[in-house]
Amino acid sequence: LLLDVPAAFDAVLFVENLVTFERMADHRQPAWQHCLLVYAAGFKGSARRLRSPTGCRLYVRGGATPLQAVQAWLFGGASVPVRFFGDLDPAGLRILASLREVFPGAQAWQPGYEVLACRLEQGDGHTPEQAAKGLQGEPVMTGCAYADTRLLPLMQRLGRCIDQEAYAVVEAAAAR
């Protein structure tokens, strides 16, 4: 797991794509200022072996951040809210559903997904076929109320998806 660990964290945020993870780690904002950022390459982040010290390796971006709090959460079962932010497409929702099998309380990260949802409603995004995502199949129920009642119906109604990197573009534009 690639981690970006703040001085103290009160939530864990799994990020699907490396480009977005790096941008979020480099440019911390209030919405994720106190989140442990975790990049685990899509579905790899939902592997049960991650909960075992022998099942994964922890890599921290820069600095010598103490890992005791991370290890207490990941291996020791410390109670910390888990969120997921990925592409708003069928695979992204499947990753969330899989992540919930390992971290049962995991939820879609609303600050990021709401930006993507609004972009979809404004006509942005693409059809699954335009981005070679047609083979991902239909989106699935995740068990997360927000994803199942807001994101899933939106994708089904519009027949479109949007990549997570669109969030970083919004953040960069807002900073200008």
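In strand β3 (residues 35-39), Leu37 is the bridge partner of Asp4, where strands are DSSP runs of E with at least two residues, numbered from the N terminus. The model is predicted; local features require pLDDT of at least 70, side-chain atom pairs count only at pLDDT 80 or more, and totals for chains, interfaces and linings use all residues. Residues are numbered from 1 along each chain as its sequence is written, and side-chain values use heavy atoms, with hydrogens and water left out.

Strand β1 (residues 2-4) runs antiparallel to β3 and is joined to β3 by three bridges; two strands are taken to pair if DSSP finds at least two bridges between them. Strand β2 (residues 11-15) pairs with β3 in the parallel sense, over five bridges. Within β3, Leu36 is the bridge partner of Val12. From β2 the chain passes through helix α1 (residues 18-26) to β3 in a right-handed β-α-β crossover. Helices are DSSP runs of H or I with at least four residues. A crossover is right-handed if the path from the first strand over the helix to the second runs clockwise, with the strands pointing away from the viewer.

Five of the five residues of β3 are buried, so the strand is largely enclosed by the rest of the structure. Buried denotes under 20% relative accessible area, exposed over 50%, and partly exposed the range in between (1.4 Å probe, protein chains only). Cys35, Leu37 and Tyr39 point one way from β3, whereas Leu36 and Val38 point the other way.

Aromatic pairs were assigned to rings of Phe, Tyr and Trp (its six-membered ring) with centres within 6.5 Å; planes under 30 degrees apart count as stacked, over 60 as edge-to-face and the rest as tilted. By this rule there are 10 aromatic pairs. One of them, Phe85 with Tyr167, is edge-to-face, with 5.2 Å centre to centre and 80° between the planes. Phe85 belongs to strand β5 (residues 82-85) and Tyr167 to helix α6 (residues 165-175), so the pair ties together parts that are 82 residues apart in sequence. Phe85 is buried at 0% relative accessibility, and Tyr167 is buried with a relative accessible area of 4%.

Pro104 is located in the loop between α3 (90-102) and β6 (107-108). With a relative accessibility of 58%, Pro104 counts as exposed. The C-alpha to C-alpha distance between Pro104 and Gly143 is 9.2 Å, at a sequence separation of 39 residues.
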